[in-house]
Amino acid sequence: MSANPELQQAISDFLKALQNERNASPHTQTAYRKDLAKFAAFLGPELRLAEIDHKLIRGFMGELVESGLAKASIARNLAGLRSFFKWLGKEGRVGHNPASLVSTPKLPRLLPRVPSIEEMGRVFEGREEGLMAERDRLIVELLYGSGLRNSELCGIRMDDIHKREQSALVRGKGKKERMAPFSDAAGEALDAYLPVRWRAMSAANPPQRHELLLVNRRGGRLTTRSVGRIVKRMAVVAGLSADVHPHTLRHAFGTHMLAEGADLRSIQELLGHERLSTTQRYTQLTPEHVMRVYDETHPRAK
């Protein structure tokens, strides 16, 4: 069933605004496009924008529930509708945001298990073998040691590396840039990897000329999917769960820093979070840590 032309045009304009004004990632744009297309198909060709109310949106949510869609995906659909109608309001195309009157489904707060500091130590103690062992070591050093996102890691260019300051310029969500410090161990891994990178690029046919830091065996760009496979393999070899992925190491970065006494604001800056609430969800406070902070800082605890 086709959608109302007015609604179709509004969705198209919103998606353009996401790209041009908000610098939304391609993944985010695709998610919005699919979710809004489902909503438009649900409404059909007759309904105009001014006729869409919270009851219709609740009906759409109900249909998603009946289809067996996960609660997290339903919540994402509703969040997308809220953003869409909020933008329409700013553009003067609607008088109110009907999606704001619809409650978000309650989601279970599931936090991925973070490898312990000892478990991460086993990953670094392992001796990788193979043509790109130095690269794989550097990958884990930067994901865990600097708390980088997978996409940030794969986007680092050679001129983003500042060896003297031991930091790298990374581009996060919304193309926001920040300087991410890296450890002495990461610096050593970088020095060991650079000759490997040069050999892989020089041996390619034709030789590769790009400036990306991480390369595959053929000297081409290393993808986020490949990084995921590398991390999983190294984790399994070290005796960790096969569920470990690049984001697990970023999560461990924040959790372990917090456990060692770092404050949330500093962790927020290092992770590149816009809101402190994101950092709070991202880290796992152990009961022992909470009690230690209380004992050390509260006047009445002394």
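Glu 274 is exposed, with a relative accessible area of 57%; exposed means over 50%, buried under 20% and partly exposed in between, with a 1.4 Å probe and protein chains only. The structure is a predicted model, in which local features need pLDDT of at least 70 and side-chain atom pairs count only at pLDDT 80 or more, while totals for chains, interfaces and linings use all residues. Residues are numbered from 1 along each chain as its sequence is written, and side-chain values use heavy atoms, with hydrogens and water left out.

Glu 274 forms a salt bridge with Lys 176. The term covers a side-chain nitrogen of Lys or Arg within 4 Å of a carboxyl oxygen of Asp or Glu. The closest N and O atoms of this pair are 3.1 Å apart. Glu 274 sits in the loop between helix H11 (264-271) and helix H12 (276-282), and Lys 176 in the loop between strand E2 (167-171) and strand E3 (177-181), so the bridge ties together parts that are 98 residues apart in sequence. Lys 176 is partly exposed, at 46% relative accessibility. Salt bridges with shared partners also join Asp 35, Lys 38 and Arg 76 into one network.

In total, the structure holds 14 salt bridges. Side chains of opposite charge can pair when their charged atoms come close. Another bridge joins Glu 141 to Arg 137, with 3.4 Å between the closest N and O atoms. Glu 141 and Arg 137 both lie in helix H6 (residues 133-145), four residues apart, or about one turn of the helix. Glu 141 is buried, at a relative accessible area of 6%. Arg 137 counts as partly exposed, at 26%.

Aromatic contacts were examined next. The structure holds eight aromatic pairs. Rings of Phe, Tyr and Trp (its six-membered ring) pair if their centres lie within 6.5 Å; planes under 30 degrees apart count as stacked, over 60 as edge-to-face and the rest as tilted. The ring centres of Phe 14 and Phe 84 are 5.4 Å apart and the planes meet at 65°, so this pair is edge-to-face. It links distant parts of the chain, with Phe 14 in helix H1 (residues 5-20) and Phe 84 in helix H4 (residues 71-90), 70 residues apart. Phe 14 is buried, with a relative accessible area of 0%. Phe 84 is also buried, at 0%.

Phe 14 pairs with Trp 87 as well: the centres are 5.8 Å apart and the planes at 55°, so the pair is tilted. Phe 14 is in helix H1 and Trp 87 in helix H4, so this contact ties together parts that are 73 residues apart in sequence. Trp 87 is buried, at 7% relative accessible area. One aromatic cluster comprises Phe 14, Tyr 32, Phe 39, Phe 42, Phe 60, Phe 84, Phe 85 and Trp 87.

The chain as a whole contains 13 helices and three strands. These are DSSP runs numbered from the N terminus, with helices (H or I) of at least four residues and strands (E) of at least two. Of its 302 residues, 41% count as buried. Contacts (heavy atoms within 4.5 Å) were sorted by sequence separation. Among those between residues at least 6 apart in sequence, 56% join residues at least 24 apart. The accessible surface, from the Shrake-Rupley method with a 1.4 Å probe and, for residues, only the protein chains shown as cover, comes to about 17,500 Å². Carbon and sulfur atoms account for 53% of that surface.
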